[in-house]
Amino acid sequence: HLFVRDGALHAHLEIAKGWIFIFVTSGLLWLVLRRRFEELECSHGLLRESETRWKHALEGASQAVWDWNPQTRQVLYSPEWKAMLGFAPYEIGDTLEEWETRVHPEDLAATKEQLQLHLVGQSPGYVSEHRLRCKDGSYKWILDRGKVTSRAPDGKPLRMVGTHSDIHRRKQAEEALAASEQRFRALVEKSHEGICTLGADFKILYRSPSLKSLQGFEPAERQDHDVLELVHPEDRAATRAAFEEVRGRAGESKIITARLQHRDGTWRWQEATLTNYLTDPAVGALVVNFRDVTERKQLEVELRHWADAFQHCAHGIAMAAGNSTQVQVCNPALARMLGSTIEEITGAEILSLYPPSEHARVVAAIGESDRVGRAVYEARKVRRDGSTFLAEVQVVSVRDESGAVSHRIASVAD
């Protein structure tokens, strides 16, 4: 108004000013939008890169993804989710029933319970191990994990995202291990031998039920007691030394025989096989296998008595196998009678101990003993120097379980 007096020119200038404003504003807006577009493009690139990384990470971890809208019951199953069950992408739809109808009937109730707890906000996340039916009809163990990522103002879940992991091999290994442990426990509990585990201080950690029949104690009755307290005082020092020797060597095993006190106060001979598994992470203990050898020890004592009697008997004694005509063993008294040695008589023909004139009598007596079990006869015996003496011989034929003569025992008196 100060410089332009012409009204028409002034109108043209106003119009020009308006266009200049429009052009400048448009340019500035274009610069702003361009920068914004560049930022969005960068964000999209980062998002795509992040999605690619997550996709590769999930694929590398053998995990599949699902995205569920609890309000519409629509679920987006990833191609990996479908492939995990043997399906092509187009073979499974986008409803919850695609998953629900494939859960093993034995797992469905517990799985839905875990899911519902999370949906109502009573658990921080949803975790379930269950079996899903594959395309070929078999079932595969799946670890299913998810979390509600969006809720309505009233708390209703709007979106839940989760993953599937194939844990079939792990579950098979767990089931095989459980079956193995069950078989082992059955063997331990039903074994005729008692099994006991000890700490490094020889205190009892575990006693198998079968030990009750050997020692009379209930499985938990002697828990945390030193097992050596049960050992007879006369056997305790040697037993402790053997235990300490095994304890000092990983994997070492030793058989120990000692008297242990039964719950009724009596002493029973028991053979213990002690093995050091202290460094084995699966055991971490000394393992003792007990078996009662009281009868065997009593028999050993009886045999020693009989051996002493055999060695010191005044009568000569010889034994031969039922199917043999040779002396199998003899005692010192018979060797003295014959003026010979035990080594010379052992293996000799029975008839060579008699003169030829007595052979028929001896054969007949052996036959009678085999028929009726025992025969007594008198016959002359031949000494090593060729002289003879009259002896009374008693022959006993011993039979085995089948009734056959297993061996013959002859007692000779001068």
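A search of the whole structure, which is a predicted model, turns up zero disulfides.

With its neighbours within four places in sequence left aside, Val 227 is in contact with Leu 198, Phe 202, Ile 204, Phe 243 and Phe 290.

Two of those contact partners lead on to the aromatic residues. A pair of aromatic rings is described by the distance of the centres and the angle of the planes, and the structure holds two aromatic pairs. In one, the rings of Tyr 77 and Trp 81 have centres 4.3 Å apart and planes at 35 degrees, so the pair is tilted. Tyr 77 is buried, with a relative accessible area of 5%, and Trp 81 is buried as well, with 1%. In the other, the rings of Phe 202 and Phe 243 have centres 5.4 Å apart and planes at 85 degrees, so this pair is edge-to-face. Phe 202 lies in the loop between E6 and strand E7 (204-207) while Phe 243 belongs to helix H7, so the pair ties together parts that are 41 residues apart in sequence. Phe 202 and Phe 243 are both buried.

Most residues other than glycine have a negative phi, yet Phe 202 has a positive phi of about 70 degrees. Its relative accessible area is 2%, so Phe 202 counts as buried. Asp 224 likewise has a positive phi of about 70 degrees without being a glycine. Asp 224 sits in the loop between H6 and H7, and Asp 224 is exposed, with a relative accessible area of 53%.

The charged end of Lys 171 sits over the ring of Trp 141, at 4.4 Å from the ring centre. For Arg 222, the charged end sits over the ring of Phe 217, at 5.6 Å from the centre.

A further arginine, Arg 408, has a well-described polar setting. Arg 408 lies in strand E15 (residues 405-413) and is buried, with a relative accessible area of 15%. Its side chain makes a polar contact of 2.7 Å with the side chain of Asp 370. A polar atom of the Arg 408 side chain also lies 3.3 Å from the backbone oxygen of Gly 322. Beyond the neighbours within four places in sequence, the residues in contact with Arg 408 include Ala 318, Met 319, Ala 320, Ala 321, Gly 322 and Ser 324. Ile 366 and Asp 370 are also in contact with Arg 408, as are Val 395, Val 396 and Ser 397.

Terms used
Residues numbered from 1 in each chain as written. Predicted model: local features only at pLDDT ≥ 70, side-chain atom pairs only at ≥ 80, totals over all residues. Heavy atoms only, no water. Helix = DSSP H or I, 4+ residues; strand = E, 2+ residues; numbered from the N terminus. Buried < 20%, exposed > 50% of the residue type's maximum accessible area, 1.4 Å probe, protein only. Polar contact = N/O pair within 3.5 Å; in protein donor to acceptor, adjacent residues only side chain to side chain. Contact = heavy atoms within 4.5 Å. Disulfide = S-S within 2.5 Å. Phe/Tyr/Trp six-rings, centres within 6.5 Å; stacked < 30°, edge-to-face > 60°. Lys NZ or Arg CZ within 6 Å of the ring centre and 35° of its normal.
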